[in-house]
Amino acid sequence: MSSDEDNPVRLIAWVSGRVQGVGFRWWTRSRALELGLVGSARNLPDGRVAVVAEGPRRACAALLDALRGGATPGRVDDVAEQWSAPRGDLTGFVEA
């Protein structure tokens, strides 16, 4: 029997701060792959990074915790999040 933490989800996180040009997307991709997630991290024109990840809820929550933790490259000021059902249209984890 699986718990809700094992159910697949889609997480979108918008990360603001000094997160472009500091290796943040590469770092995010590394953490996501370690957690077995698929998705992407891409720079937005307004200076934020958008992170889309799909996988078990517990793994997505761990990625969100890492994004909010103090060990990221650059400086994270805020992380806004949105949770939804997975679409299943992602493969690998890319820096877009």
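A residue counts as buried when its relative accessible area is under 20%. The exercises below apply this term and others to a predicted model.

**Exercise 1.** Determine which residues of helix α2 are buried and how they are placed around the helix axis.

*Solution.* Step 1: Applying the cut-off to α2 gives A59, C60, L63, L64 and L67 as its buried residues. Step 2: Viewed down the axis of α2, these buried residues fall within an arc of 140 degrees, so they line one face of the helix. Step 3: The general rule is that an α-helix has 3.6 residues a turn, so residues three or four places apart point the same way. Step 4: The buried residues of α2 pack against β1, α1, β3 and β4.

**Exercise 2.** State the strand order of the open sheet and identify the strands at its edges.

*Solution.* Step 1: The 5 strands follow the order β4-β1-β3-β2-β5, and their pairing is mixed. Step 2: β4 (75-84) and β5 (93-95) stand at the edges; each has a single partner strand, so one side of each lacks a neighbour in the sheet. Step 3: For β5, 3 bridges make the join to strand β2 (residues 38-43), and the two run parallel. Step 4: Within this pair, S40 stands opposite V94 in β5.

**Exercise 3.** Describe how helix α2 is oriented relative to β3.

*Solution.* Helix α2 (residues 57-68) lies across β1, β3 and β4, and runs at about 150 degrees to β3.

Notes: Residues numbered from 1 in each chain as written. Predicted model: local features only at pLDDT ≥ 70, side-chain atom pairs only at ≥ 80, totals over all residues. Heavy atoms only, no water. Pairing = 2+ DSSP bridges. Helix = DSSP H or I, 4+ residues; strand = E, 2+ residues; numbered from the N terminus. Contact = heavy atoms within 4.5 Å. Axes fitted to C-alpha atoms, helices over the stretch in contact; angles between N-to-C directions. Buried < 20%, exposed > 50% of the residue type's maximum accessible area, 1.4 Å probe, protein only. Arc of directions from axis to C-beta.
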